[in-house]
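I opened this entry to record what I looked up, item by item. Confidence comes first, then the overall build, then single residues.

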Amino acid sequence: MHRFYSLILTLFIATSISWGQNSVQYWFDQQKVMQTLSGSEIDCSALTTGVHFVHFQIIDADGMLTPVRSQAFLVMNETQLPSSDYSKISYWFDQQKTRSTLQGNEISTEGLSTGIHFVHLQLEGTDGTLSPVRSQAFLVINANMTPSSAYSGINYWFDQQKVKSAYTSGDIDCSELTNGIHAVHFQLIDSNGMPCPVRTQFFLNIDFSAHQLYYWFDDDAERNLMDVSETELSVEHLANGKHTLHAMLADAKGRVISPEQMSADFVIVCPDDEHVDDNADGICDVCDELFCYTRATTEGRYGTVCLPKGATADNITGATIFSIAGKRVDESGNLKTLVLEKVSDMEAGKPYIFLASGSELKVIYSGEAVDEALSNNGLVGSFEDCEVAEGLYLLSNNKLVKCGPGCSIVGNRAYIDMDEVPLFVEGSVSEAKIAVIGLDDATGIEGIRIEGGEAIRHNVSGIRIPQGTKGIVIINGKKMLKK
């Protein structure tokens, strides 16, 4: 298995987006305060040298939020700009593999989809050395817009300028702009005096010099030197767990330009069979991944369980696992017992009944998680706390209990819709695999809440916390807000 950690712009999967939005909000890294986008360019000038993330979210016309989109990028400071002694300029957008050579001083954004994009720029010196990659975020409001020829004026502005100028004719004055990449934004005013969507074009003021990059992982003494044209570093040789990538810029002869180090933390997650859990808290001591489900149980008691990930028989301890095989009824069709069939593995999202053989059920996950809980032969699972309607059944004190008003279960449990349970066919299951649960004679019992043992909970730092803790809580690898 090949693992790669990318320095520049390889973590974002571009998606074509179409929306009718009221506004766009964005923020960098771990910032708590969101900013509202003005114009169509995101200002990165205040960021330090190193790896950063920009996150953005659209508020649509109904006031609803879209999912958060994120993009990684690398910031170089102004002292690291290449010189004017160059022979070629290459550019590309987002994660394109093919680079284009700049002709003149304009970069066309034609063909880009609506949404956030990055343009990347790299210079080749006359001696063949390459400058660091320069990147700029920008927002395309409507890339396929064809404005009407009936317009009354054109406004334009540069970068993050708040004041718009009216275009008349001739060239646009760029003499006051600093060296580097800039955006010019145009907006047509239609014949009714209404503004059209903003169009953005990029151009260059050049004053650059070429650099290389030293990099190393963690506390390695050896420094590796690479050309800045490379954008991926192999981490195949690193062990599972936490790591830090360090980098320092150098000139064309390999001399360090500045003692300032760039760094980025990342984690290589252990394969399913390599997690270490010396603290018995369900969190791997090597990679900090929450990799198993644990629940306090009472020996000889039945319970229900429904988990977002599956598990093999060797990784399930503390209980025997069953699925529903069917129901037995009397001559009048009234329910008598529920027949269970022993199973070995657990499938992701599928609900099961278990019989505890000790004080703790432990399920070590394998495979990918599913988003929604399933049902099977009338056993209906849920990952979240949920209400259970009257007439449905719960397992309580090793008996089937019919629900009255106000019944509920907590997350990762299941209830039974007896109408969906098939009649049991005698002889269809080996007697060695059968278990039978009887019916409690009382019907319509009110206010039952099936808690059972609690799944172990952690906060966002991975520290185990008690039941009832409010705020953001991680239960079985899933973040929840408890109020």
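**Confidence**

I started with the scores: the mean pLDDT of the protein is 76, and 70% of the residues score at least 70. The model is predicted. Where pLDDT is low, the coordinates should not be read in detail.

**Overall build**

I counted secondary structure next. The protein has 39 strands and zero helices. Of its 483 residues, 46% are buried. I checked how far contacts reach along the chain. Among contacts between residues at least 6 apart in sequence, 65% join residues at least 24 apart. The accessible surface is about 24900 Å². Carbon and sulfur atoms hold 47% of that surface.

**Nonpolar cores**

I asked which residues have the most contacts inside the largest nonpolar core. This core has 17 residues, and the list is Ile 324, Leu 338, Leu 340, Ile 353, Leu 400, Ile 416 and Met 418. Two or more core residues come from each of β23 (319-329), β24, β30 (393-396), β33 (413-416) and β34 (434-438). Strand β24 gives the largest share, three residues. I noted another core apart from this one, with 14 residues, including Ile 316, Met 346, Ala 356 and Tyr 365.

I took Ile 353 for a closer look. Beyond four places in sequence, its contacts include Tyr 302, Thr 320, Phe 322, Ile 324, Leu 338, Leu 340, Leu 379, Leu 395 and Ile 437.

I moved to Thr 337, which is in strand β24. Buried or exposed? Thr 337 counts as buried because its relative accessibility is 17%, under the 20% cut-off. Leaving aside neighbours within four places in sequence, Thr 337 touches Lys 327, Arg 328, Val 436, Ile 437 and Gly 438.

Lys 350 was my next stop. Lys 350 sits in the loop between β24 (335-342) and β25 (351-356). I wanted to know why this lysine is classed as it is. Lys 350 has 19% relative accessibility, so Lys 350 counts as buried. With neighbours within four places left out, Lys 350 is in contact with Val 305, Cys 306, Leu 374 and Asn 376.

**Asp 127**

I looked up another loop residue. Asp 127 lies between β9 (115-125) and β10 (134-140). Asp 127 is exposed because its relative accessible area is 56%, and the cut-off for exposed is over 50%.

**Rings**

How many aromatic pairs are there? I found four. Tyr 156 and Phe 158 form an edge-to-face pair, 6.0 Å centre to centre, with 80 degrees between the planes. Tyr 156 and Phe 158 are both buried. Tyr 215 and Phe 217 have ring centres 6.1 Å apart and planes at 80 degrees, so this pair is edge-to-face. Tyr 215 and Phe 217 are buried too.

The charged end of Arg 99 sits over the ring of Trp 92, 3.8 Å from the ring centre. Lys 164 lies over the face of Trp 157, at 4.5 Å from the ring centre.

How values were computed: Residues numbered from 1 in each chain as written. Predicted model: local features only at pLDDT ≥ 70, side-chain atom pairs only at ≥ 80, totals over all residues. Heavy atoms only, no water. Helix = DSSP H or I, 4+ residues; strand = E, 2+ residues; numbered from the N terminus. Buried < 20%, exposed > 50% of the residue type's maximum accessible area, 1.4 Å probe, protein only. Contact = heavy atoms within 4.5 Å. Areas by Shrake-Rupley, 256 points an atom, 1.4 Å probe, with all protein chains shown as cover. Core = buried A, V, L, I, M, F, W, Y, C linked by side-chain atoms within 4.5 Å. pLDDT = per-residue confidence, 0-100. Phe/Tyr/Trp six-rings, centres within 6.5 Å; stacked < 30°, edge-to-face > 60°. Lys NZ or Arg CZ within 6 Å of the ring centre and 35° of its normal.
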